[in-house]
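Visitor: I am new to this structure. Could you walk me through its pockets and its core?

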Amino acid sequence: MARLERRCFPADAWSAATFWSELAGRPTRSYWVLTGPAAGGSDGPAEDEQILGYAGMSSDGETADVMTLAVGPETRGHGWGSRLLERLHDHARDSGAGAMMLEVRADNPAARHLYAAAGYEQVNVRRGYYRSSDGGSAVDALVLRKELSLP
């Protein structure tokens, strides 16, 4: 996951230690991993699979939080991000949450589109929250919220 994280978020990628810390946060932290054949295709065993995407959340009350969601660049455009996000929504509802919140980089149009299509609305801005990927000015974090409806 950390390798994919560095490819998806080079300016502010989580370290392997951060992922381990997140995973240790059970039962309030939950993660799902999307796997598929390693590049070049393989009919071999599971160890020939690679992580194509992942999503994680924190659920401890009425509002759940998307902690991370990533799909590898070569895997985007096939609906995997939407499916991972819907899995988070389902788990949040099952955990008793009535809403989801998240932060997204203002300069990430693909992620912003994903969240808007899923019904998220902007509720706040955290100015200069993220490091710039090119050494320029810091990037704002948009705080988004979605009310979860019953299935």
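Guide: Gladly. This is a predicted model. Take the lining of the largest pocket: its residues divide into 19 nonpolar, 9 polar and 6 charged.

Visitor: What volume does the largest pocket have, and which residues are closest to its centre?

Guide: The volume is about 940 Å³. In all, 34 residues line this pocket, and the closest to its centre are Phe9, Leu69, Asn108, Ala111 and Tyr115.

Visitor: How do you know that a residue lines a pocket?

Guide: A lining residue has an atom within 4 Å of a pocket point.

Visitor: Which elements give two or more residues to the lining of the largest pocket?

Guide: Helix 1 (2-8), strand 3 (63-71), helix 3 (80-94), strand 4 (99-105), helix 4 (109-117) and strand 5 (121-130). The largest share, 6 residues, comes from strand 3.

Visitor: What about the second largest pocket?

Guide: Its volume is about 190 Å³. The lining is made of Met1, Arg3, Leu4, Arg7, Glu49, Gln50 and Ile51. Helix 1 and strand 2 (49-59) each give two or more of these residues.

Visitor: Now the core. Which residues touch the most other members of the largest nonpolar core?

Guide: Leu69, Leu85, Leu88, Met100, Tyr115 and Tyr120, out of 22 residues. Strand 2, strand 3, helix 3, strand 4, helix 4 and strand 6 (139-147) each give two or more residues to this core. Apart from it lies another core, of 7 residues, including Leu4, Cys8, Phe9 and Tyr54.

Visitor: Why would such residues gather?

Guide: In soluble globular proteins, nonpolar side chains tend to be buried together.

Visitor: Which residues does leucine 88 touch?

Guide: Leaving out residues up to four places away in sequence, leucine 88 touches Trp32, Ala55, Gly56, Met57, Val66, Leu69 and Met100.

Visitor: How many aromatic pairs are there?

Guide: The structure holds 4.

Visitor: Are tyrosine 115 and tyrosine 120 buried or exposed?

Guide: Both are buried. Elsewhere, Trp14, Phe19 and Tyr54 form one aromatic cluster.

Key:
Residues are numbered from 1 along each chain as its sequence is written. This is a predicted model: local features need pLDDT of at least 70, side-chain atom pairs count only at pLDDT 80 or more; totals for chains, interfaces and linings use all residues. Side-chain values use heavy atoms; hydrogens and water are left out. On a 1 Å grid over the protein atoms alone, a cavity is a set of points where a 1.4 Å probe fits but cannot get out, and a pocket is an open set with protein on both sides within 12 Å along at least five of seven lines; lining residues have an atom within 4 Å of a point. Grid points are joined across faces, edges and corners, and a volume is the space filled by probe spheres set on the points. Helices (H or I, at least four residues) and strands (E, at least two) are DSSP runs, numbered from the N terminus. Ala, Val, Leu, Ile, Met, Phe, Trp, Tyr, Cys and Pro count as nonpolar, Asp, Glu, Lys and Arg as charged, and the others, Gly among them, as polar. A nonpolar core is a set of buried Ala, Val, Leu, Ile, Met, Phe, Trp, Tyr and Cys residues joined through side-chain atoms within 4.5 Å. Buried means under 20% relative accessible area, exposed over 50%, partly exposed in between (1.4 Å probe, protein chains only). Contact means heavy atoms within 4.5 Å. Rings of Phe, Tyr and Trp (its six-membered ring) pair if their centres lie within 6.5 Å; planes under 30 degrees apart count as stacked, over 60 as edge-to-face and the rest as tilted.
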